[in-house]
Amino acid sequence: MSAVIESQRGRDKFFHDGHLYVFASFSADQSKEFWRYQHKASKKEKCTARLHRILGTGEIEVFGVHSDPPNAAGAVVLQRKTTLKRRALDTLETPHQIISKVRITSTVAAQGHLESNKSLARIIQRTRNRHGV
C-alpha cells in the first residue's frame with residue numbers, strides 16, 4: 001500500500017509498505033521524486049533507506065535496508081490526526097465530538113496508537129488558536 005500523507009508542518013510524507021518517507025528532491029530531469037526515510041537523522045533509529053518514485057508511471061523503487069520493523073498503523077494514525085486538525089478548523093464542533101468521530105472511523109490498530117483524548121483535545125485547541133478560529 002502506498003499513500004501520500006500530510007505532515008504536521010503541511011508537507012507531504014509518502015507511506016509505502018509500513019514505512020514513512022519525507023520528500024528529498026527531484027531528479028535532474030524532473031522525472032523522478034527522491035524520498036528519504038523519516039528517521040534518517042534520528043540518533044535512535046538511523047536508517048538509510050530511500051525511495052525513488054517515477055512520475056510518469058508511478059513505479060516505486062526502494063533502496064537500502066530498513067533498520068526497524070514496518071508500522072502499518074502509523075500511517076493511519078497520521079491520517080486521523082490530519083483529519084482531526086481539519087475538522088477543528090472547518091467545523092465548530094466541540095473537541096469531544098471531533099475526537100469521537102475520528103475514533104469511530106479509525107481501525108482498531110490505529111485506535112491503540114492514537115494519543116489520549118486529553119492530548120487530542122490539546123491538539124484541537126492548538127490548531128484553532130494557531131489559525132485564529
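Modeller: A residue counts as buried under 20% relative accessible area, as exposed over 50%, and as partly exposed in between. The model discussed here is predicted.

Biologist: Is Glu33 buried or exposed?

Modeller: Glu33 has a relative accessibility of 10%.

Biologist: Which residue forms a salt bridge with Glu33?

Modeller: The closest N and O atoms of the pair are 2.6 Å apart, and a salt bridge requires them within 4 Å. The pair links distant parts of the chain, 20 residues apart, with Glu33 in strand S4 and its partner in strand S5 (residues 50-54). The partner of Glu33 is Arg53.

Biologist: How many salt bridges does a search of the whole structure find?

Modeller: One of them joins Glu115 and Lys81, at 2.9 Å from N to O. Glu115 is in the loop between helices H3 and H4, whereas Lys81 is in helix H1, 34 residues apart. For the whole structure, the number of salt bridges is 5.

Biologist: The side chain of Tyr37 makes a polar contact with the side chain of which residue?

Modeller: Tyr37 lies in strand S4 (residues 32-37). Tyr37 is buried, because its relative accessible area is 4%. Its side chain makes a polar contact at 2.5 Å, and the partner is Asp68.

Biologist: How far apart in space are Tyr37 and Phe14, C-alpha to C-alpha?

Modeller: In sequence, Tyr37 and Phe14 are 23 residues apart. In space, their C-alpha to C-alpha distance is 9.2 Å.

Biologist: What is the accessible area of the nonpolar patch of Phe23, Phe26 and Leu55 together?

Modeller: Phe26 belongs to strand S3 (residues 19-26). A patch residue needs over 30% relative accessible area, and Phe26 is partly exposed at 36%. Together, Phe23, Phe26 and Leu55 have an accessible area of about 250 Å².

Biologist: Which helix holds Arg122?

Modeller: Arg122 is partly exposed, at 43% relative accessibility. Along with Lys118, Arg126 and Arg130, Arg122 forms a positive surface patch. The helix that holds Arg122 spans residues 117-131 and is H4.

Methods
Residues are numbered from 1 along each chain as its sequence is written. This is a predicted model: local features need pLDDT of at least 70, side-chain atom pairs count only at pLDDT 80 or more; totals for chains, interfaces and linings use all residues. Side-chain values use heavy atoms; hydrogens and water are left out. Patches are made of residues with over 30% relative accessible area and no salt bridge: like charges are joined within 9 Å, nonpolar side chains (Val, Leu, Ile, Met, Phe, Trp, Tyr) within 5 Å. Accessible areas come from the Shrake-Rupley method with a 1.4 Å probe; for residues, only the protein chains shown count as cover. A salt bridge is a side-chain nitrogen of Lys or Arg within 4 Å of a carboxyl oxygen of Asp or Glu. Helices (H or I, at least four residues) and strands (E, at least two) are DSSP runs, numbered from the N terminus. Buried means under 20% relative accessible area, exposed over 50%, partly exposed in between (1.4 Å probe, protein chains only). Lys and Arg count as positive and Asp and Glu as negative; His and the chain ends are not counted. The place of a charge is taken as NZ of Lys, CZ of Arg, CG of Asp or CD of Glu. A polar contact is a pair of N or O atoms within 3.5 Å; within protein, one must be able to donate a hydrogen and the other to accept it, and residues adjacent in sequence count only if both atoms are side-chain atoms.
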